[in-house]
Amino acid sequence: MLSDMNPADVSGDYREYTLDLFGVGPRRVLVTDEEVPYPDGRLIVSRTDTEGIITHVNRSFVEMSGYTEDELIGAPHSILRHPDMPRAAFADLWRTVQAGEIWQGYVKNLRKDGAYYWVKATVIPNVRRGRIVGYTSVRRKPERRKVEECIALYARMVAEEGR
Amino acid sequence: MSYVFTVSPDFSPDYLAGWFVFNTWLQRVSGLRFHLELMDHFPALRQAIEADRIDLIYANPHDAATLVREKGFVALVKPGDGADEAVIAVSADSPFQRIEDLEPGSRIATTGDPDVHLVGMILLEPAGLNRENVTLHRCDSYVLVAKCLFRGESDAGIFLARAFDELSRPVQDRLRVLVRSDIQVIHHYLMAGPRLADWVADLRDALIAMGDDAKTAEILKGLGVSRWEAVDEEEVEFMIDLMDTLSYSPA
């Protein structure tokens, strides 16, 4: 279960969107224009079960997301979904990792306070004794030039999705 | 029966004698015969692993993947001294103030230490640097990486953070850190191969108890290790998954 974002958690002016999250349903998110720089030298690491429910987060994940560890564990990974991300990107991610392959891409993530941060994400299936038991996602600092390319690309994709 | 014990070639030469002392202790406490065979470089180690000649190894994270997933090794313990982290440093008088100041074509001094090199290259990514657009200077030690920077032969150097911190003060004063990784989960592991399967529990117990006794704690000090910590199978699998994500480069 994923609750709507709370205006009390958001600082400054915000816009409101309702996302239709796969396996979750509608979620109201509150978005500001503040970008939080990715911290140098860090990796943001999380693991999910095969349904995308978070089972593990590292310290960097907690700090960058703005949520507490208790709020994150048991939540769907789409708790970070930003409305500027095209649905097609995540459809490609899930199709890739469910086929046992590694997915890599640039992602704009939404924080609890409505701000956002860009990451270069790599998602790998956790294969144990020949079976996928979950997924590990590792995010690192992206090259700014790639982020700028993705801003333009994702805006076109979102427009094509009719949002 | 004699078993072959080796140490990943990235260990500091300062601890060479310490590994021989540790091996003597290990034989006495386990009643097993270990022959400590130190390899000069990584290709020799890889050949020995491929030929199934190794039974016990202090393995770097890069080789841990092969050992666990292809050779049936299990991790006994890890050092309780923090994780393996990397540092990107430049000469103190370098014009580069942050990673993003480096440009494609940069000359990067590095070592044959595979996991440190991998993490170092990840740290260089925000500048748009990758193995295709930098010139790598492979050095035999971290001291030589530092010298490469002093002489202006490289623009930046990749160091194991622990090795950087152990450089002498005058050497460190001539360097400047641009970024230090804070990954927290990449470790070396002491690992046992299939021929030692019946001894895993006993070896692990003896190793963990080393920190409790002043005499054996002194042996650990000779390895640069404060104590051994137990590890479970999933922790190692997790690290291997993480290393795989860092190694991944789409075709």
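Me: Why is A:E71 called partly exposed?
Reply: Its relative accessible area is 34%, and buried means under 20%, exposed over 50% and partly exposed in between, with a 1.4 Å probe and protein chains only, so A:E71 falls in the middle class. This is a predicted model, in which local features need pLDDT of at least 70 and side-chain atom pairs count only at pLDDT 80 or more, while totals for chains, interfaces and linings use all residues. Residues are numbered from 1 along each chain as written, chains are lettered from A and ligands numbered from 1 in the order written, and side-chain values use heavy atoms, leaving out hydrogens and water.

Me: How do you know that A:E71 forms a salt bridge with A:K112?
Reply: The closest N and O atoms of A:E71 and A:K112 are 2.8 Å apart, and the term asks for a side-chain nitrogen of Lys or Arg within 4 Å of a carboxyl oxygen of Asp or Glu, so the pair qualifies. A:E71 belongs to helix α2 (residues 69–72) of chain A, and A:K112 to the loop between β5 (103–110) and β6 (116–128), so the contact ties together parts that are 41 residues apart in sequence. Helices (H or I, at least four residues) and strands (E, at least two) are DSSP runs, numbered from the N terminus.

Me: Where do A:R145 and A:E149 lie?
Reply: Both are in helix α4 (residues 144–160) of chain A, four residues apart, which is about one turn of the helix. A:R145, at 46%, and A:E149, at 42% relative accessibility, both count as partly exposed.

Me: Is B:K71 buried or exposed?
Reply: B:K71 has a relative accessible area of 16%, so it is buried, whereas B:D52, at 43%, counts as partly exposed. The side chains of B:D52 and B:K71 meet in a salt bridge of 3.0 Å, N to O. This pair links distant parts of the chain, 19 residues apart, with B:D52 in the loop between α2 (42–50) and β3 (56–59) of chain B and B:K71 in the loop between α3 (61–69) and β4 (74–79). Elsewhere, salt bridges that share partners join residues into one network, including A:R47, A:R128, B:R69 and B:E234. Over all chains, the whole structure has 40 salt bridges.

Me: Why does the largest pocket lie between domain 1 and domain 2 of chain B?
Reply: Domain 1 (2–82 + 185–247) and domain 2 (86–180), with bounds from an automatic or database domain assignment, both give residues to its lining, so the pocket lies between them.
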